[in-house]
Amino acid sequence: MDIKQLGHFYKERLLKDVVPFWFPRAYDEQHGGLLHCFDRDGTVVDTDKSVWAQGRMAWMLLTMYNTVEKNPDWLKYAESALKFLEDHCIDPKDGRMYFHVAQDGTPIRKRRYAFSESFASIAFAAHAKATGNEESARKARHWFDIFTDINFTPGKMVPKSTGNRPAIGLGPRMIAIVTAQELRRFLGDEDRYYTEWIDRCIDDLKTYFLKPDIKAVMETVAPDGSIIDHFDERTLNPGHAIEGGWFILEEARHRGNDPGLIEIGCNMIDWSLARGWDEQHGGLLYFVDVYGGPVQEYWHNMKFWWPHDEALIGTCLAYIMTGDQKYADWHEKIKNWSFSHLQDAEYGEWFGYCNRDGSPANTLKGSLWKSFFHHPRAMWTCAHYCGAF
């Protein structure tokens, strides 16, 4: 694998294909913040705004501002999103963030968990790095503390079920790791506050969610780590586990290529590719059953955009860190399938949703879930690991 050439490829994809699709059309001059629900050609199909997307898109813009070029428009768009978050997306009753608002900021939906807060946290941290603004640094720490308090303090989160089948999830631990990594990168970590959170969550992954005997990364387990033998709890999300794997590899890289963490991260990627890759049609299945049985969710065999983005990052970093040719081979296979089926050669960017055979399920480029985040993050991250940024 020619690392330099690969880095150039991803840099070109980001700056000449992805960014031009989103901007300036995503910038909402009237109400502030960022629009993100677009059809194939960039036509707005919904003016509502995901609160997740405001933080995620701002983070991506500011990450480019910090590493690619000091583009004043990128800073303007990001600061508009941050102002929109503060002006419209915080519930005054409890200080938590909403999940979904109208174009003008009217609250539409609030969810019980605190992921909007984690994405706001990384956005404010990136803004602090870009501008030296101490208030943004304070806000980054504030939203991280809200996120960890809600997700890790027993009894703080509103229960999803009756409590008769208690369970714990991989998601909060993964997001705590990557959020703490971003805050440590932008704000420093003299008191090891962020590193201690990372250590705690990696320990949880090893103790509860990784199953070496069956080579699986569980999404949900019982509080003691045992597998709950029912539909929801047997369901694996290969793309999500691969994403977690590269978070662990990034931590290994930060710690001087820690061999124990490299093994964990590579196992998460290996096991998930083995379980999730569709040998008949190519691409990653969205859900699989841990025991190989049928999956309840009807979209289980669709091919979503973001697992392929995560797999590009995971295999790229695994190859760079280990030199193992299997990761170069996997990366090429995933890259070929993704750009053959998800890429829109006419209008740019990736389609969000494909059928199992790789045909587009619809023409959406953006939705309340898909925004200027997973795909540009993959293009930027692969380019970064390959030395282009």
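Trainee: At 1.5 Å a residue, what should the 18 residues of α11 span?

Mentor: The expected span of a helix is 1.5 Å times one less than its number of residues. For α11 that comes to 26 Å, and its end C-alpha atoms are 26 Å apart, so expectation and model agree. Keep in mind that this is a predicted model, in which local features need pLDDT of at least 70, side-chain atom pairs count only at pLDDT 80 or more, and totals for chains, interfaces and linings use all residues. Residues are numbered from 1 along each chain as its sequence is written, and side-chain values use heavy atoms, with hydrogens and water left out.

Trainee: And where do the names of the helices and strands come from?

Mentor: They are DSSP runs numbered from the N terminus: helices are H or I with at least four residues, strands are E with at least two. Helix α11 covers residues 305-322, and Gly323, with a positive phi near 70 degrees, follows α11.

Trainee: How many of the 18 residues of α11 are buried?

Mentor: Buried means under 20% relative accessible area, exposed means over 50%, and partly exposed is in between (1.4 Å probe, protein chains only). In α11, 16 of the 18 residues are buried, so the helix is largely enclosed by the rest of the structure.

Trainee: Now packing. At what angle do the axes of α11 and α13 cross?

Mentor: Two packed helices are described by the angle between their axes and the distance between the axes. The axes are lines fitted to C-alpha atoms, for helices over the stretch in contact, and angles run from 0 to 180 degrees between N-to-C directions. Here α11 and α13 (residues 374-385) cross at roughly 10 degrees, and their axes come within 9 Å. The two helices are therefore roughly parallel to each other. The cut-offs are: under 35 degrees roughly parallel, over 145 roughly antiparallel, 65 to 115 roughly perpendicular, and the rest oblique.

Trainee: Which residues make that contact?

Mentor: Contact means heavy atoms within 4.5 Å. On the α11 side the residues include Trp305, Glu310, Ile313 and Cys316, and on the α13 side they include His374, Arg377, Met379 and Tyr385. By type, the contact divides into eleven nonpolar, three polar and three charged residues. Nonpolar here covers Ala, Val, Leu, Ile, Met, Phe, Trp, Tyr, Cys and Pro; charged covers Asp, Glu, Lys and Arg; the others, Gly among them, are polar.

Trainee: Is Glu310 buried or exposed?

Mentor: Glu310 has 0% relative accessibility, so it counts as buried. Not counting residues up to four places away in sequence, Glu310 touches Gly239, Ile242, Glu243, Trp246, His374 and Arg377.

Trainee: How many residues of α9 are buried?

Mentor: In α9, 15 of the 17 residues are buried, so α9 is largely enclosed by the rest of the structure. Helix α9 runs over residues 238-254, and its end C-alpha atoms are 24 Å apart, in agreement with the 24 Å it should span. After α9 comes Gly256, with a positive phi near 70 degrees.

Trainee: Next, sheets. In what order do the three strands of the open sheet stand?

Mentor: Strands of a sheet pair through backbone hydrogen bonds, either parallel or antiparallel. Two strands pair if DSSP finds at least two bridges between them. This open sheet has the order β3-β4-β5, with antiparallel pairing. Its edge strands, each pairing on one side only, are β3 (49-50) and β5 (107-109). Strand β4 (residues 100-101) pairs with β5 over two bridges, and His100 has Arg109 of β5 as its bridge partner.

Trainee: What is Val101 in contact with?

Mentor: Leaving aside neighbours within four places in sequence, its partners include Lys49, Phe84, Cys89 and Ile108. Val101 lies in β4, and at 0% relative accessibility Val101 counts as buried. Cys89 is twelve residues from Val101 in sequence, with 7.3 Å between their C-alpha atoms.

Trainee: Let's finish with the backbone. Which residues does the cis peptide bond join?

Mentor: The bond joins Phe23 and Pro24, with omega about 15 degrees. Pro24 is in the loop between α1 (3-22) and β1 (37-38). Look also at Arg192, which is not a glycine but has a positive phi of about 60 degrees. Arg192 sits in the loop between α6 (170-187) and α7 (193-209), and at 42% relative accessibility Arg192 counts as partly exposed.
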